[in-house]
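Here is a short briefing on a predicted model.

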Amino acid sequence: MSPFKDNIYADEARQPPATDLPSSSGSSSPSTSPRASRVRHRGPATSRNVKARSGRHITNINRINVINNYGENYFGKRSSQREQPGWRNLRVLLAVAAVFWFGAIFSVMRNAPRSTEPAPESRAAVNLSRWKKLSEHMHSQGKNLAEVKQKKEGEGATNAEAGAGETHSIYELSMFGNKSPSDFQLYTPYAPSCSDPLDAQSVSYTLVSQLSEDRLWMVQHHCKRWGDNPMSVIVFTDKTPSAVKARLVSEGCSKDNLTVQTVSKTKYDPTGKEYPVNLLRNMAFSSVKTSHIVYADVDFWPAGDLYSILSDEAIKAKLASDPKLATVIPVFQMFRRCREYRDCVEKNVPVMPKTKDELLNLIKQKQASTFDPTNVGGHGSTKYLTWRDQDTGTFVDLPCIKSNRYEPYLTVRFCSDLPPFQEGFTGYGKNKMTWAMHLRRSGYQFSQLGGAFLVHYPHLDSKSRLEWNKKPKAMQKQHLSAADLLENPEEHGIDWGSYKRARVDALFLDYKEWLDSTVEDESRVPMCEDALNDDVRLWVHSDKNNDSEEEEEEEEEEEEGEEEEEEAATDDLEEMNGQEAQLAYAGLELEAKDGDAESNSEMKGDGDASATKE
């Protein structure tokens with residue numbers, strides 16, 4: 001038997017090596033044993049060498065034994081001996097350690113702080129929250145955008161008359177002590193109480209307007225149409241009130257009935273891009289001494305008989321009986337009389353209509369229409385077709401409001417419950433529609449007045465409007481929506497705070513939230529069942545994920561509605577001709593040929609749709 005045979009098959013016995021002994025069976029020798037043949041002796045087999053090599057061979061054979069046994073067990077081979085308890089325990093320990101290791105990893109991953117990167121479905125909400133802070137950021141510490149830009153660019157005043165030339169906060173002039181754009185107000189505290197008794201004989205009117213200096217020439221036409229009756233105007237100019245009034249009186253305005261205020265343009269808005277329209281409106285209101293206000297921006301000229309119509313005793317009695325009656329004065333627009341893009345005053349002014357008949361003739365000649373028919377929600381709630389046949393001096397209540405963007409010009413009682421204009425809305429955009437939203441929610445009844453109207457003068461775009469029209473290049477060249485750009489803000493790197501429309505949208509969202517949470521809903525005029533979803537027109541809102549779908553549905557509904565209305569209008573207009581046919585589809589260009597009315601979509605508007613339904 002090989003001297004190492006016992007070590008190969010029974011290592012735990014660790015028997016010392018023996019000298020050459022015969023096999024117990026006497027049938028095998030070291031040279032023929034398969035296990036023993038793995039050991040090779042080299043060199044002369046002296047007793048010293050044999051002894052030294054025997055020790056090394058024992059150690060090496062033990063190592064080989066471990067490897068062989070592990071290999072046999074690992075590949076499923078049956079071991080000739082029972083597995084050693086030490087290796088079984090080792091594997092159990094390794095398995096337990098692996099379980100603990102995976103458990104620890106899972107625990108760490110579960111408790112690790114989550115990424116601040118918003119999930120795709122919540123990205124719009126995150127952008128909304130970020131965007132809503134832009135307006136306050138740009139007006140921090142009561143400074144307007146012009147001031148921020150000037151300080152950033154290191155510019156001083158643009159007008160030498162301003163002395164040191166520092167731009168001041170327009171909120172210095174606030175009637176309410178406002179400090180920032182998001183300081184919204186409920187009432188007009190400086191006005192008389194709405195609970196004061198009022199009879200028809202006490203009803204009187206003041207025509208109120210605000211304007212920039214470049215439109216000062218229009219005031220004389222208001223004076224001529226309004227007559228020798230109270231007017232309150234405020235002008236954004238560096239001139240003094242006395243100088244402005246002297247000019248207006250020389251042009252035909254009443255010296256006794258005209259109140260003039262001025263606000264320095266150089267001091268508060270040298271760039272002309274943040275025109276403080278609502279603050280000026282509130283300041284103009286503050287000079288009113290009559291029971292009622294007739295408000296019209298200076299580019300909306302009153303009908304020549306507007307004061308006469310309002311002076312009817314029946315109308316005055318109705319106004320006196322309801323302090324929350326908002327009388328709608330329908331608005332039309334006249335087209336520019338010159339082909340080139342310029343303000344051709346000498347051609348426009350002579351044909352600006354003063355009477356209803358003159359207005360209808362212009363519509364018949366396709367030189368006038370309902371106001372801004374491309375802005376579907378702006379004046380679409382006014383019932384223009386009804387107004388065509390409505391008797392002068394009569395009221396027709398609006399059954400519902402078709403859009404939050406409805407912004408009519410009104411006659412209202414000037415008293416403390418009257419909501420003010422929110423002064424945070426400067427320049428172009430949402431400055432008047434927010435007032436109408438407040439009026440409706442506060443319980444004002446909208447009722448249009450027969451025979452009365454305003455007509456818009458076709459002036460060129462103001463700096464405020466041009467500022468509003470600016471868009472990121474990606475929206476212009478790639479035809480991407482704001483929602484698309486907000487999905488990947490890092491890719492496009494757009495500074496939304498530098499765009500007027502973005503800041504106004506952000507402030508409008510704050511205003512809506514304030515209105516819903518602060519003003520109790522006492523509305524007497526509901527929103528129409530098919531009212532427009534105005535929020536999808538915002539650059540940002542809380543429902544961005546449904547933008548495209550909602551806009552497509554809205555467009556499809558509008559197209560279907562227009563087709564139905566055009567068919568209905570064609571049937572109705574077959575019995576009409578001339579002037580009646582033109583006004584029946586007010587705002588659309590219609591031509592009566594061989595007794596059939598054909599529609600032209602050039603001047604299509606929402607007001608026309610309401611007319612057809614009626």
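Gln333 stands opposite His456 in strand E12. The pairing here joins strand E7, residues 331–334, to strand E12, residues 454–456. These two strands run in the parallel sense, and three bridges link them.

**The sheet**
- E7 and E12 belong to an open sheet of four strands.
- The strand order is E5-E12-E7-E8, and the pairing is mixed.
- Strand E5 (300–302) and strand E8 (368–370) are the edge strands, and each pairs on one side only.
- From one strand to the next, the twist averages 30 degrees.
- Strands of a sheet pair through backbone hydrogen bonds, either parallel or antiparallel.

**Helices on the sheet**
- Helix H7, residues 219–226, lies across E5 and E12.
- H7 runs at about 25 degrees to E5.
- Helix H14, residues 356–364, packs on the sheet and touches E7 and E8.
- The direction of H14 makes about 100 degrees with that of E8.

**A helix pair**
- Which angle do helix H17 (residues 433–441) and helix H22 (residues 500–518) make where they pack? The angle is about 10 degrees, and the axes are 11 Å apart.
- Angles under 35 degrees count as roughly parallel, so H17 is roughly parallel to H22.
- On the H17 side, the contact is made by Met433, Thr434, Met437, His438 and Arg441.
- On the H22 side, Phe508, Tyr511, Lys512, Trp514, Leu515 and Asp516 take part.
- By class, this contact of H17 with H22 has six nonpolar, two polar and three charged residues.

Methods: Residues numbered from 1 in each chain as written. Predicted model: local features only at pLDDT ≥ 70, side-chain atom pairs only at ≥ 80, totals over all residues. Heavy atoms only, no water. Pairing = 2+ DSSP bridges. Axes fitted to C-alpha atoms, helices over the stretch in contact; angles between N-to-C directions. Contact = heavy atoms within 4.5 Å. Parallel < 35°, antiparallel > 145°, perpendicular 65-115°, else oblique. Nonpolar A, V, L, I, M, F, W, Y, C, P; charged D, E, K, R; others polar.
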